Amino acid sequence: MNQIEIGKLIAKARKEKGYTQQELANLLFVTDKAVSKWERGLSLPEHEILNKLSKILDIEINDILIYSNRNDEWVGVINLCDDLNLNFKIFNQTIFEYIISYFVLFGIRDVYVLSSKKPQNTDYSNIVRLHFDRNISAKKKLIISDPFILFGPNLTRTVRELMFTGYNVDFMKNERELPIKIVTGSNHTMTKTFRNGYTYFKIEEKNLSTIENYLQSYFKLTNEKMFNLNNIIEARK
(Lines give C-alpha, C1' and ligand atoms only; values in the text may rest on other atoms or scores of the structure.)
Protein backbone atom coordinates (compact mmCIF):
# COMPACT_ATOMS: atom_id res chain seq x y z
CA MET A 1 0.00 0.00 0.00
CA ASN A 2 1.66 3.25 -1.08
CA GLN A 3 1.36 6.77 0.27
CA ILE A 4 -1.50 7.73 -2.05
CA GLU A 5 -3.54 4.70 -1.02
CA ILE A 6 -2.92 5.48 2.65
CA GLY A 7 -4.24 8.98 1.98
CA LYS A 8 -7.37 7.54 0.41
CA LEU A 9 -7.86 5.33 3.45
CA ILE A 10 -7.61 8.31 5.80
CA ALA A 11 -10.09 10.31 3.71
CA LYS A 12 -12.55 7.41 3.55
CA ALA A 13 -12.38 6.77 7.31
CA ARG A 14 -12.75 10.49 8.08
CA LYS A 15 -15.89 10.77 5.96
CA GLU A 16 -17.37 7.63 7.49
CA LYS A 17 -16.92 9.20 10.93
CA GLY A 18 -18.59 12.40 9.69
CA TYR A 19 -15.62 14.72 10.27
CA THR A 20 -14.63 17.57 8.02
CA GLN A 21 -10.92 18.06 7.40
CA GLN A 22 -10.97 21.03 9.78
CA GLU A 23 -12.74 19.06 12.52
CA LEU A 24 -10.24 16.23 12.27
CA ALA A 25 -7.38 18.74 12.28
CA ASN A 26 -8.73 20.33 15.47
CA LEU A 27 -8.84 16.94 17.20
CA LEU A 28 -5.22 16.28 16.24
CA PHE A 29 -3.99 19.87 16.90
CA VAL A 30 -2.76 20.26 13.32
CA THR A 31 -3.89 22.41 10.41
CA ASP A 32 -6.52 21.42 7.87
CA LYS A 33 -3.79 21.82 5.23
CA ALA A 34 -1.85 19.00 6.90
CA VAL A 35 -4.91 16.73 6.75
CA SER A 36 -5.41 17.66 3.12
CA LYS A 37 -1.82 16.72 2.28
CA TRP A 38 -2.23 13.33 3.99
CA GLU A 39 -5.39 12.58 2.05
CA ARG A 40 -3.81 13.58 -1.25
CA GLY A 41 -0.82 11.34 -0.60
CA LEU A 42 1.63 14.25 -0.43
CA SER A 43 2.84 13.47 3.09
CA LEU A 44 2.29 11.12 6.02
CA PRO A 45 1.41 11.96 9.63
CA GLU A 46 4.15 11.93 12.23
CA HIS A 47 4.28 8.75 14.31
CA GLU A 48 2.72 10.37 17.40
CA ILE A 49 -0.13 11.83 15.36
CA LEU A 50 -0.58 8.53 13.55
CA ASN A 51 -1.41 6.77 16.81
CA LYS A 52 -4.03 9.41 17.69
CA LEU A 53 -5.41 9.29 14.17
CA SER A 54 -5.89 5.53 14.27
CA LYS A 55 -7.86 5.82 17.52
CA ILE A 56 -10.04 8.71 16.36
CA LEU A 57 -10.89 7.07 13.03
CA ASP A 58 -10.94 3.53 14.44
CA ILE A 59 -8.58 2.12 11.84
CA GLU A 60 -5.19 0.42 12.18
CA ILE A 61 -3.19 2.92 10.14
CA ASN A 62 -0.01 2.26 12.08
CA ASP A 63 -0.17 -1.47 11.36
CA ILE A 64 -0.78 -0.71 7.70
CA LEU A 65 2.28 1.51 7.52
CA ILE A 66 4.55 -0.95 9.27
CA TYR A 67 3.36 -4.30 7.97
CA SER A 68 1.02 -3.95 5.00
CA ASN A 69 3.05 -1.72 2.74
CA ARG A 70 4.35 -4.69 0.80
CA ASN A 71 5.06 -4.31 -2.86
CA ASP A 72 6.07 -7.39 -4.83
CA GLU A 73 8.30 -5.19 -6.99
CA TRP A 74 10.58 -4.53 -4.01
CA VAL A 75 13.19 -6.93 -2.70
CA GLY A 76 15.82 -6.69 -0.01
CA VAL A 77 19.46 -7.55 -0.58
CA ILE A 78 22.03 -8.38 2.11
CA ASN A 79 25.51 -8.02 0.61
CA LEU A 80 28.01 -8.28 3.46
CA CYS A 81 31.71 -9.01 3.71
CA ASP A 82 32.41 -12.71 4.22
CA ASP A 83 34.58 -12.31 7.31
CA LEU A 84 31.66 -11.19 9.49
CA ASN A 85 30.01 -13.76 11.73
CA LEU A 86 26.27 -13.18 11.31
CA ASN A 87 25.54 -15.27 14.38
CA PHE A 88 27.20 -12.92 16.86
CA LYS A 89 24.62 -11.54 19.28
CA ILE A 90 23.80 -8.13 20.70
CA PHE A 91 21.08 -8.10 23.38
CA ASN A 92 20.32 -11.78 22.63
CA GLN A 93 19.64 -11.10 18.98
CA THR A 94 21.99 -12.07 16.17
CA ILE A 95 23.46 -9.55 13.76
CA PHE A 96 21.52 -11.23 10.96
CA GLU A 97 18.24 -10.77 12.83
CA TYR A 98 18.88 -7.04 13.25
CA ILE A 99 19.32 -6.74 9.51
CA ILE A 100 16.15 -8.74 8.79
CA SER A 101 14.26 -6.47 11.22
CA TYR A 102 14.91 -3.44 9.00
CA PHE A 103 13.49 -5.13 5.92
CA VAL A 104 10.39 -6.14 7.89
CA LEU A 105 9.88 -2.59 9.14
CA PHE A 106 10.26 -1.25 5.61
CA GLY A 107 7.61 -3.70 4.36
CA ILE A 108 9.86 -5.93 2.25
CA ARG A 109 9.06 -9.65 2.14
CA ASP A 110 11.64 -11.13 -0.26
CA VAL A 111 15.25 -10.86 0.89
CA TYR A 112 18.30 -12.10 -1.03
CA VAL A 113 21.39 -13.05 0.99
CA LEU A 114 24.55 -12.66 -1.09
CA SER A 115 27.00 -13.34 1.73
CA SER A 116 28.68 -16.74 1.44
CA LYS A 117 28.23 -17.28 5.19
CA LYS A 118 24.74 -18.34 6.14
CA PRO A 119 23.23 -17.64 9.56
CA GLN A 120 22.46 -20.59 11.81
CA ASN A 121 18.70 -20.06 11.70
CA THR A 122 17.26 -19.33 8.26
CA ASP A 123 13.63 -20.14 9.00
CA TYR A 124 11.93 -16.74 8.99
CA SER A 125 9.21 -17.80 6.57
CA ASN A 126 6.45 -16.33 8.73
CA ILE A 127 7.67 -12.79 8.05
CA VAL A 128 10.16 -12.87 5.15
CA ARG A 129 11.20 -15.19 2.35
CA LEU A 130 14.97 -15.69 2.24
CA HIS A 131 16.77 -16.45 -1.03
CA PHE A 132 20.37 -17.61 -1.21
CA ASP A 133 20.96 -17.19 -4.92
CA ARG A 134 22.25 -14.23 -6.92
CA ASN A 135 19.55 -14.22 -9.58
CA ILE A 136 17.71 -11.03 -8.63
CA SER A 137 15.25 -10.00 -11.32
CA ALA A 138 13.49 -7.21 -9.42
CA LYS A 139 14.32 -3.66 -10.46
CA LYS A 140 13.52 -2.13 -7.08
CA LYS A 141 15.94 -3.09 -4.34
CA LEU A 142 16.88 -2.00 -0.86
CA ILE A 143 20.48 -3.09 -0.33
CA ILE A 144 22.26 -3.30 3.02
CA SER A 145 26.02 -3.59 2.58
CA ASP A 146 27.05 -3.40 6.24
CA PRO A 147 25.19 -4.38 9.42
CA PHE A 148 24.21 -1.45 11.59
CA ILE A 149 22.02 -0.33 14.45
CA LEU A 150 20.15 2.94 14.03
CA PHE A 151 17.85 4.84 16.36
CA GLY A 152 16.07 8.08 15.63
CA PRO A 153 12.71 9.69 14.83
CA ASN A 154 10.56 8.46 11.95
CA LEU A 155 13.17 6.19 10.40
CA THR A 156 10.59 3.87 8.88
CA ARG A 157 8.57 6.74 7.39
CA THR A 158 11.70 8.46 6.05
CA VAL A 159 12.90 5.38 4.18
CA ARG A 160 9.44 4.46 2.90
CA GLU A 161 8.89 7.91 1.45
CA LEU A 162 12.18 7.58 -0.42
CA MET A 163 11.21 4.13 -1.69
CA PHE A 164 8.29 5.70 -3.58
CA THR A 165 10.13 8.75 -5.00
CA GLY A 166 11.19 7.01 -8.20
CA TYR A 167 14.84 7.88 -7.58
CA ASN A 168 17.95 5.86 -6.93
CA VAL A 169 18.98 6.74 -3.40
CA ASP A 170 22.37 6.18 -1.82
CA PHE A 171 22.90 6.45 1.93
CA MET A 172 26.64 6.98 1.61
CA LYS A 173 28.91 5.12 4.02
CA ASN A 174 30.58 7.55 6.38
CA GLU A 175 30.17 8.75 9.93
CA ARG A 176 26.86 10.53 9.27
CA GLU A 177 25.28 8.28 6.68
CA LEU A 178 24.01 4.72 6.37
CA PRO A 179 25.28 1.72 4.39
CA ILE A 180 21.98 1.47 2.52
CA LYS A 181 21.23 1.82 -1.16
CA ILE A 182 17.73 2.12 -2.62
CA VAL A 183 17.55 1.23 -6.31
CA THR A 184 14.36 2.00 -8.23
CA GLY A 185 15.46 1.38 -11.78
CA SER A 186 15.39 5.07 -12.73
CA ASN A 187 18.29 7.11 -14.05
CA HIS A 188 18.19 9.60 -11.18
CA THR A 189 20.33 9.46 -8.08
CA MET A 190 20.42 11.44 -4.86
CA THR A 191 22.05 11.12 -1.48
CA LYS A 192 20.46 11.27 1.95
CA THR A 193 22.29 12.30 5.11
CA PHE A 194 20.65 11.80 8.48
CA ARG A 195 20.40 14.91 10.59
CA ASN A 196 21.30 15.22 14.26
CA GLY A 197 19.12 13.16 16.56
CA TYR A 198 19.97 9.79 15.04
CA THR A 199 22.27 7.33 16.76
CA TYR A 200 24.15 5.05 14.38
CA PHE A 201 26.58 2.20 14.97
CA LYS A 202 28.25 0.06 12.36
CA ILE A 203 28.31 -3.48 13.78
CA GLU A 204 31.78 -4.97 13.93
CA GLU A 205 33.04 -7.81 16.09
CA LYS A 206 35.60 -5.55 17.73
CA ASN A 207 32.99 -3.08 19.01
CA LEU A 208 30.13 -5.37 20.06
CA SER A 209 30.70 -4.81 23.79
CA THR A 210 30.99 -1.04 23.27
CA ILE A 211 27.66 -0.99 21.45
CA GLU A 212 25.93 -3.01 24.16
CA ASN A 213 27.25 -0.75 26.92
CA TYR A 214 26.18 2.38 25.09
CA LEU A 215 22.71 1.06 24.27
CA GLN A 216 22.13 -0.06 27.85
CA SER A 217 22.78 3.51 28.98
CA TYR A 218 20.70 4.91 26.12
CA PHE A 219 17.63 2.80 26.92
CA LYS A 220 17.93 3.54 30.62
CA LEU A 221 18.01 7.30 30.01
CA THR A 222 15.29 7.41 27.33
CA ASN A 223 13.06 4.64 28.74
CA GLU A 224 12.90 3.19 25.23
CA LYS A 225 12.98 -0.50 24.34
CA MET A 226 15.20 -2.31 21.92
CA PHE A 227 13.21 -3.46 18.90
CA ASN A 228 13.93 -7.00 17.81
CA LEU A 229 12.75 -9.57 15.35
CA ASN A 230 11.01 -11.73 17.94
CA ASN A 231 8.85 -8.79 19.04
CA ILE A 232 7.90 -8.12 15.43
CA ILE A 233 6.97 -11.78 14.92
CA GLU A 234 4.82 -11.76 18.07
CA ALA A 235 3.08 -8.55 17.01
CA ARG A 236 2.13 -10.07 13.67
CA LYS A 237 0.57 -13.26 15.07
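Analyst: The protein chain holds 9 helices and 11 strands. Helices (H or I, at least four residues) and strands (E, at least two) are DSSP runs, numbered from the N terminus. This is a predicted model: local features need pLDDT of at least 70, side-chain atom pairs count only at pLDDT 80 or more, and totals for chains, interfaces and linings use all residues. Residues are numbered from 1 along each chain as its sequence is written, and side-chain values use heavy atoms, with hydrogens and water left out.

The helix to look at is α6, residues 95–105. An open sheet of 7 strands runs in the order β5-β4-β1-β6-β9-β8-β10, with mixed pairing. Its edge strands are β5 (129–131) and β10 (189–191), and each pairs on one side only. From one strand to the next, the twist averages 20°. Two strands count as paired if DSSP finds at least two bridges between them. Strand β4 (residues 110–113) pairs with β5 in the parallel sense, over 3 bridges. Within that pairing, V111 has L130 in β5 as its bridge partner.

Now the helix itself. α6 lies across β1 (74–78), β4, β5 and β6 (140–144). Contact here means heavy atoms within 4.5 Å. The helix runs at about 160° to β1. Axes are lines fitted to C-alpha atoms, for helices over the stretch in contact, and angles run from 0 to 180 degrees between N-to-C directions.

Burial comes next. Buried means under 20% relative accessible area, exposed over 50%, and partly exposed in between (1.4 Å probe, protein chains only). Of the 11 residues of α6, 11 are buried, so the helix is largely enclosed by the rest of the structure. Among them are I95, F96, E97 and S101. For the protein chain, buried residues make up 47% of the 237 residues.

Y102 and F148 form an aromatic pair that is stacked, at 4.6 Å centre to centre and 25° between the planes. Rings of Phe, Tyr and Trp (its six-membered ring) pair if their centres lie within 6.5 Å; planes under 30 degrees apart count as stacked, over 60 as edge-to-face and the rest as tilted. By this rule the count is 1 aromatic pair. Y102 sits in helix α6 and F148 in strand β7 (residues 148–151), 46 residues apart, so the pair links distant parts of the chain. Both Y102 and F148 are buried.

G107 follows α6, and its phi is positive, near 85°.
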